[in-house]
Structures are given as structure tokens and as C-alpha cells.
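The tour below moves from one selection to the next and says what is to be found at each stop.

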Amino acid sequence: DQLDKGGYEHYMLKEIYEQPTTIEQSFKGRIAVDGKSIVLGGLIDVMPQLVKAPRIIILGCGTSWHAGLVAEYLIETYCRIPVEVEYASEFRYRTPVINKGDVIIAVSQSGETADTLAAIKKAKEDGAIIIGVCNVVGSSIPRETHAGVYTHAGVEIGVASTKAFTAQVTVLTLMAIQIAKEKGSIDQSEYEILIQEILEVPNKVRVALSKEDKIKSISDKYSDAVNALYLGRGYLFPVALEGALKLKEVSYIHAEGYAAGEMKHGPIALVDDNLPVVAVAPKDHYYEKVVSNIQEVKARKGNVIAVLNEGDLNLKEMVNDFIEIPSCHPAISPLVAVIPLQLLAYHIALNRGCDVDQPRNLAKSVTVE
Ligand code: G6P
């Protein structure tokens, strides 16, 4: 058992630390050695349909749904194709409109989630083209799809998904960039810049992982929290959702992820000196907006833990605690910003004596409704 865990105390921690390698596995062999092109062998046959798709619908559950949300921001930004992201459990039972040419992307680590499988069967009957983004090779969802890309994260044992999420986001990022390139909605130089950014992710993730001691000491301060709020905007809104999901899955603290701009419409009522607020605030396009959201929390005596860029002295002074991440291109920032949130959830759960690898009531793969 200890051998399987590679010397780590838990699978969750081992899998968090594997991410520089697993992210690389997800793009390796798909980016040309000269860094000038991407080849997604599994999509070659459907690329013409993807390029002219009137709409893309992304389906998934749990963490996979969050990866789908990141893809929505990427695909709409770079490909200019309208995207909807839907819970498979909703999609399968309502009467969704599927038009000719619509493409479905099903995101699933296990490839066995009953709701996702049923949702794609339904969409297939309605004539949609189905693409899978799955981790487990030969699982049920890939067998139902017309095409797909495996995420190659390796076996994930921890029930709370970590490395499978970053692998999904890596593959979806490659897909978005490649569709954009083939569609002509980005030019060669932007394409190469984005590819370069992807190549640099493993090292940036290594830097993010190196902050574990700091994260551990922060976790000691907040382990008795009853509630927690996670805020982010843009590409980092799905990361806020994922950070909150990680915390609730493994520590049983009630946590909500929110788009920071939406805080004033509800969650701000919860803010008092007992509420930890994790704000994902690197210096991107949304930075000033997120900082003003942080000020609103501080003015109400909330405790802010900011995930911020190295050297952001201004924000460091404003918040109670901070975790540094290296600065990166907004499009790849989810892959780096999620790392401290995974570690924070892990350490808080450990402090609370929770079984991080096998949280109560949860299953790794939900093959029944
Ligand atoms: C379960 C797991 C989650 C996972 C979700 C979707 O709830 O505990 O970690 O995100 O199922 O699973 P899938 O295999 O379809 O990604």
C-alpha cells in the first residue's frame, strides 16, 4: 500500500504531486517538437465538423463539469463558437434543443458515469456528433463516442479528483487552440504563444507545489471553519468552484464557489469574522475587480486568503493570508491556480481527521443514478 502511494501519506497527495508529470503526459506527443503545431489524432476525422459547429455543448458531472466550464471560456474566446456547459444529469432528463451540426463534448475521468453516458446516448439519437474527453481507456463513454481524446493522467485513486482535472483542462485547452487554428480565428503567432504557455505549465505547477509548507500553516488557522467562500472571475471562476468542491468533498466544511462579481447578490450576507474567503486573484484582466471584491470582504471583517502572483505586495498587505503562484497567461492559469486549492483542502481535511482518499458518502465512479 505504502509502495502504491509512492511514499506519500495518501493517494490524494501523491496525485496532487504527480501533476507536473501528468499534465505533460496529456500534451506530450500532441505538440510538435518545434512547438509550432498540435496534433490531436483522435479528432482528425471530426475536425471539419468542429470548425463549423454552430454550437458546442459540454456535458459532465462534478469536477469534470468544472473542466467543461474552463473549456467554455477557452472555446468562446479563441474559436468564437457558442458553448453551453451542462450537468449531464439535467441534460438527460430535459428536452434540450439539438440542432444540425451541434457537437457534444463529454468530459469524464472514469468514462463510466451513468448520467454522462445516458446524456450522450440521448444526444446521439438526436443526431449530434459526440466527442469524449476521458481518462480511462476503453471505458463505456469513449465506446459510445464518434471521436475523442484521452487525458492520459494515469490511474486516479483518490475519490476527490485532482490530477484528472488538470489533465482534462490540458486536453480541452489543446482542443480549443487547435480548433481556433484550423478555423482561422487565431493566427500562427498567437497559436505558438499559447503552445509555449502550455509547455511551461509543468514547471509553473512545480513552483505552485513548492508552497505546500505555507499552505499547511494556513490550513491550521482555518480548519475549524464551518463555512467557506471561494471567489474567482473569468477563467478562474471554474477554479473557485473546483476549490470549494475539493474542500467540501474531503473536509466536510460547507463551501461555496462564486463568481466574484456575483458576491454582492447573496454571499456577501454571510461575511463576518468567522468566514474564510479564498480569493483567486492573479494579475489578469480581472485583477482590479477581484481586489475590490476582496476589499468588500475585508470591510465586513471577513478573513481573506488570496491566491496571488509572486511579488504582489499591494494585495499581500490587504489580506490575512496569501499563497503565491507564478504569473501565467490567463488561458492556462486554471492549471496553476487550482494547485494551492487542492493542497489547502487536503491539509484542512487532514487536520480535521477526515479520510481524504475515501470521503464519506462519495464514490469514485458513479455508475448508478
Ligand atoms: C464522482 C467523483 C468526482 C467526479 C464525478 C464525475 O462524483 O467523486 O470526483 O468528478 O464523479 O466523474 P467522472 O468519472 O465522470 O469524471
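A residue is called buried here if 20 or more other C-beta atoms lie within 10 Å of its own, exposed if 12 or fewer do, and partly exposed in between, with the C-beta atoms placed from the backbone. The model is a predicted one, in which local features need pLDDT of at least 70 and side-chain atom pairs count only at pLDDT 80 or more, while totals for chains, interfaces and linings use all residues. Residues are numbered from 1 along each chain as its sequence is written.

**The whole chain**

Begin with everything selected: the protein has 14 helices and ten strands, where helices (H or I, at least four residues) and strands (E, at least two) are DSSP runs numbered from the N terminus. The radius of gyration is 20 Å, close to the 21 Å that the globule rule gives for 369 residues, so the protein is as compact as a globular protein of that length; the radius is taken over C-alpha atoms, and the rule is 2.2 Å times the number of residues to the power 0.38. Along the principal axes, the C-alpha atoms fill a box of roughly 55 × 45 × 45 Å, and buried residues make up 54% of the 369 residues.

**Helix 4 and Val70**

Select next residues 62-79, which form helix 4, and find Val70 within it. Is Val70 buried or exposed? Val70 is buried, because 30 other C-beta atoms lie within 10 Å. Leaving aside residues up to four places away in sequence, Val70 touches Val169, Leu172, Tyr235, Pro238 and Pro334, a contact being a pair of residues whose C-beta atoms, placed from the backbone, lie within 7 Å.

**The ligand**

Now select the ligand, which 16 residues surround, the closest being Gly62, Thr63, Ser108, Ser110 and Thr113; a residue counts as near if its C-beta atom, placed from the backbone, lies within 6 Å. Helix 4 gives the most to this shell, with three residues.

Move on to the open sheet of five strands, which run in the order 7-6-8-9-10 with parallel pairing; two strands pair if DSSP finds at least two bridges between them. At its edges are strand 7 (254-259) and strand 10 (321-325), each pairing on one side only, and the twist averages 20° from one strand to the next.

Within this sheet, select strand 8 (residues 276-280) together with strand 9 (residues 303-309), which pair in the parallel sense over five bridges. Val280 stands opposite Val307 in strand 9, and Val277 stands opposite Val304 in strand 9. Strand 6 and strand 8 also pair in the parallel sense, over three bridges, and here Leu231 stands opposite Ala279 in strand 8.

In a regular strand the side chains alternate between the two faces of the sheet. Which residues of strand 8 are buried on each side? Pro276, Val278 and Val280 are buried on one side, and Val277 and Ala279 on the other.

**The covering helices**

Finally, show helix 10 (residues 212-222), which lies across strand 8, strand 9 and strand 10 and runs at about 155° to strand 10. Helix 11 (residues 237-251) packs on the sheet as well, touching strand 6 (227-232), strand 7 and strand 8, and its direction makes about 180° with that of strand 7. For these angles, axes are lines fitted to C-alpha atoms, for helices over the stretch in contact, and values run from 0 to 180 degrees between N-to-C directions.

How values were computed. Contact = placed C-beta atoms within 7 Å.
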